Amino acid sequence: MTDRELSQKSFGGQAIAARDAGQDLTQISGEIIVGIDGSEQSYGALKWAVGEAKRRGNLPVRLVTAYSLPTFTGGYSDAYSMIDEEALREGVAQILDEAHARVGETDVELRATVDTGDATGILLELSKRAELMVVGSRSNGGLLGRLLGTVSTSLPAHAHCPTVAVPASYGKEIENNPAVLDTPGPIIVGSDGSDQARVAILKAADEANLRGEKLILVNALAPYTGALNWVPAAVDFEAMYKEIANLQREAALWLREIYPELEIEFKLIDGSPVHVLLEAAESADLIVVGTRGRGGVAGMLLGSTSQGVLHNTKIPVMIVPEIEDDRTKDAPTAGITWG
């Protein structure tokens, strides 16, 4: 296909033509990647991603979708299979055209990738060189299963870059009032004293600085009650509170070395991490949480806090895996973990 023929195709048609010509996913880098499947959730995620791209200096946004070819057994002709695949391809092109139309006029460059197979696998491959992954989520129901299938919750845990889940309800807010993307609000980040939390705190500070908003670091410490009768009697909870408070002060010094003008607030609250984070985020723009990385059984699923926040949030949530960032080498180290 010539460049002229390609340029005459629609946005979705160009993506299909590029797939037919053969794409090397390893050549795609430095973009915000959005999973698109034709649902309202995915369109809401796209609009949030475009707003984020503007904040990051008009980074390109790549729409990614995938379709699976049906498996036919005896009684079906090759011609029927070809017709069915053509219908799928046309459907995918229409989904991308609709997504492109939903965004409207923007200075952000929109790109698209179409492939066959498992959408999760393609997104994970692209996450190796992406700035950010963005997906839609159902309210009170976890990440969007229609796009990502039964392993949807493994995407943030296995991704090589932060993943943002945009709730369906928030996507509707954007649709009804695009100004919601520019409504000021703090960035909330949860800490449990772990190494992964340090990376999450840093990414949350990056986001707060981009928006010119306040960063709120939330530490939740479950109160010692009879339900926790397994806790050794020798545990000094007063000393634990003091250590966490001292860590907060050290974290402030560390972050202000990076962002001297950043406004930082700390909260140490008794209660479950999920409840505390959701309550703190009632007027926030974004919740940021860490996850335990990609290794072993623990890495196959998100931790209970990340899952709980994702299933109940009304605002976007960024899940940050254990990734390398040289700036964390100066971060304070906790002698304990909690939450």
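**Helix packing and the nonpolar core**

Biologist: Which residues in α9 do W48, E52 and R55 in α3 meet?

Modeller: This is a predicted model, in which local features need pLDDT of at least 70 and side-chain atom pairs count only at pLDDT 80 or more, while totals for chains, interfaces and linings use all residues. Residues are numbered from 1 along each chain as its sequence is written, and side-chain values use heavy atoms, with hydrogens and water left out. Contact means heavy atoms within 4.5 Å; helices are DSSP runs of H or I with at least four residues, strands are runs of E with at least two, and both are numbered from the N terminus. In α9, the residues that meet W48, E52 and R55 of α3 are E207, L210 and R211.

Biologist: How are α3 and α9 oriented to each other?

Modeller: The axes (lines fitted to C-alpha atoms over the stretch in contact, with angles from 0 to 180 degrees between N-to-C directions) of α3 (residues 40-55) and α9 come within 10 Å and cross at roughly 75 degrees. Angles under 35 degrees count as roughly parallel, over 145 as roughly antiparallel, 65 to 115 as roughly perpendicular and the rest as oblique. The two helices α3 and α9 are therefore roughly perpendicular.

Biologist: What is the orientation of α9 to α10?

Modeller: Helix α9 (residues 195-211) packs against helix α10 (residues 237-258) with axes 11 Å apart, at an angle of about 45 degrees. That angle makes the orientation of α9 to α10 oblique.

Biologist: Which residues in α10 do R198, I201, L202 and A205 in α9 meet?

Modeller: On the α9 side, R198, I201, L202 and A205 take part in the contact. Their partners in α10 are W254, L255 and I258.

Biologist: Which residues in α12 do P273, V274, L277 and L278 in α11 meet?

Modeller: Helices α11 (residues 273-280) and α12 (residues 304-312) have axes that come within 9 Å and cross at roughly 40 degrees. That makes α11 oblique to α12. Facing P273, V274, L277 and L278 of α11 are the α12 residues S304, T305, G308, V309 and N312.

Biologist: Which residues touch the most other members of the largest nonpolar core?

Modeller: A nonpolar core is a set of buried Ala, Val, Leu, Ile, Met, Phe, Trp, Tyr and Cys residues joined through side-chain atoms within 4.5 Å; buried means under 20% relative accessible area, exposed over 50%, and partly exposed in between (1.4 Å probe, protein chains only). Not counting residues up to four places away in sequence, V134 touches several residues, including I32, A45 and V166. Among the 91 residues in the largest nonpolar core, those touching the most other members are W48, L63 and V134.

Biologist: What share of the 339 residues in the protein is buried?

Modeller: The protein has twelve helices and ten strands. Of its 339 residues, the buried share is 50%.
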